[in-house]
Amino acid sequence: MGDKFQLIHDVSPGTTGWTVKVVVAEKFSPKVAQRSPTKYQNLTLMDSEGSTVQATLYGQNITAFQDELLLGKTYLISNALVKETNAEYKAKSGEIQWTISGRTRIRRVEENNSNLLISTYSFTDFEDLPKYMDSNLDISVIGMIIDIKPRRIIQTRFGKECQVQDLVLVNKRFDTVLLTMWETFVDNECKYICQNLRKKLILIGKHLKVTSFNGLSISTKADSSFFIDGEFELVEEFKSWGHTNSEIIDNMISEKHYLTSTPSKLSSKLSVPTAEKDFTEIKNIQGLKTAKQFFWIKGKASVKVLNQTYWYMSCNNCNKISSENYGDIYPCVFCKCTDAKAIPRAKVYMQLMDPTGYINATAIGNPAEYFLQSNAEILMNQTLIPTAASMRLSMDEDEIFYVKAITQELSTDCKFEILFIVNPSQIAGDKNTGKAPVEHIGEPIKFLEPTTKRSLFHSDTDDAQSSKKKRDKSTIEITKKNQ
């Protein structure tokens with residue numbers, strides 16, 4: 001990028017007559033300030049030595065510079081307002097920040113500094129994603145976008161509606177993972193992706209997090225940023241790989257196995273603890289007050305209340321409760337999907353116990369089916385109070401549970417949801433690491449139709465409640481004939 005201009009660290013409050021050559025490393029979506037109605041937009045600028053500074057646009061300047069300061073492009077910038085960052089933001093934004101306004105001089109330079117920019121990225125391999133699950137640590141990924149699911153609306157526990165949309169990414173080993181885009185990313189990036197999906201775009205994402213939602217998935221954060229088909233050598237290499245393997249990729253898109261409700265292939269690569277010290281004793285989470293915590297627990301589970309509903313009717317798009325009959329197509333009031341389909345989902349209230357105590361917990365979807373050794377359709381058609389002959393109601397041996405603490409209405413104590421159930425007899429611990437090697441995960445169990453693959457990790461998350469809607473009798477008769 002040349003040495004005749006000042007570097008970022010040469011510019012401080014009071015410096016005059018400076019010009020810095022920078023590349024736009026990150027460009028975030030505009031936001032509204034928490035303590036005022038002012039709209040602002042942050043950018044990360046990088047000089048030739050890799051040093052960065054946060055630059056901010058406010059109000060009408062966001063629109064004025066909309067076609068300037070493009071992501072990945074190089075500019076000469078001078079006369080920006082330079083000031084010290086507020087103490088509470090220094091850890092994240094750095095000591096100094098720039099404000100760009102109409103007085104700021106900006107000139108585009110036709111240089112390709114993509115290699116410098118990409119050298120600052122440290123990509124997380126899809127196989128390593130489980131290491132970051134529910135940690136909120138930043139990760140960066142690269143993958144080919146092969147599908148995008150319909151936009152949906154979700155409601156937070158505070159009643160706020162948020163729009164989300166899921167992308168399907170594939171890597172060069174044909175592993176797939178869902179990337180959930182939130183809010184402004186739906187309006188911007190997802191809109192562009194929908195319009196260009198056939199091009200098999202290459203996405204580079206930064207400041208993302210890994211969650212246990214739907215088995216294992218990636219999600220955006222407030223400061224996430226993306227390059228889509230950026231002008232980088234590794235993007236061209238990825239596109240070349242895609243062209244060479246286009247037949248395999250097209251077949252994946254056609255069959256859409258990645259959109260089934262079963263956990264992704266990557267879920268079976270979770271680093272499950274095997275050392276006793278790495279498990280949480282139940283006595284330590286009884287009466288827990290702080291939600292959004294996750295625990296590995298080793299113990300047994302059993303159904304204490306037999307007379308409960310072991311399924312509910314749900315929307316196939318958002319998993320929320322539905323009042324429709326099985327198979328009906330309807331507009332979902334929760335996710336706003338206009339052609340949602342009503343399908344049954346398994347659920348069970350159980351008691352989880354270890355030698356130190358017990359907690360009540362809920363399992364929904366795949367972990368519920370695994371525990372009950374049945375599936376949602378069979379459970380829907382069961383009319384009698386269950387017995388040990390019709391489904392599993394208790395465990396004879398210890399198994400491993402991944403549990404999430406959730407805020408409970410009308411109570412200060414948390415409730416618990418089981419996200420994964422792992423059979424320890426199917427894994428072999430590594431004495432050096434205390435972790436279960438992923439390659440020792442056992443063979444899938446098979447309860448559903450022969451075309452459905454099931455993993456030893458059974459996961460699904462939602463906040464569904466019990467559906468008391470009676471299913472249509474004719475539908476039941478048809479279902480029984482087909483069994």
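Colleague: Which residue of S13 is the bridge partner of Val141?

Modeller: Two strands pair if DSSP finds at least two bridges between them, strands being DSSP runs (E, at least two residues) and helices likewise (H or I, at least four), numbered from the N terminus. In this predicted model, Val141 has Gly205 of S13 as its bridge partner. Strand S9 (residues 139–148) pairs with S13 (residues 202–211) in the antiparallel sense over 5 bridges.

Modeller: As for the basis, the model is predicted, so local features need pLDDT of at least 70 and side-chain atom pairs pLDDT 80 or more, while totals for chains, interfaces and linings use all residues. Residues are numbered from 1 along each chain as its sequence is written, and side-chain values use heavy atoms, without hydrogens and water.

Colleague: Why is S9 described as largely enclosed by the rest of the structure?

Modeller: Buried means under 20% relative accessible area, exposed over 50%, and partly exposed in between (1.4 Å probe, protein chains only). In S9, 10 of the 10 residues are buried, so the strand is largely enclosed.

Colleague: Which residues of helix H5 are buried?

Modeller: They are Val235, Phe238, Trp241 and Gly242. Seen down the axis of H5, the buried residues fall within an arc of 120° (from the directions of the C-beta atoms from the axis), so they line one face. Glu233, Glu236, His243 and Thr244, on the other side, are exposed. The buried residues of H5 pack against S9, S11, S13 and helix H6 (246–255), contact being heavy atoms within 4.5 Å.
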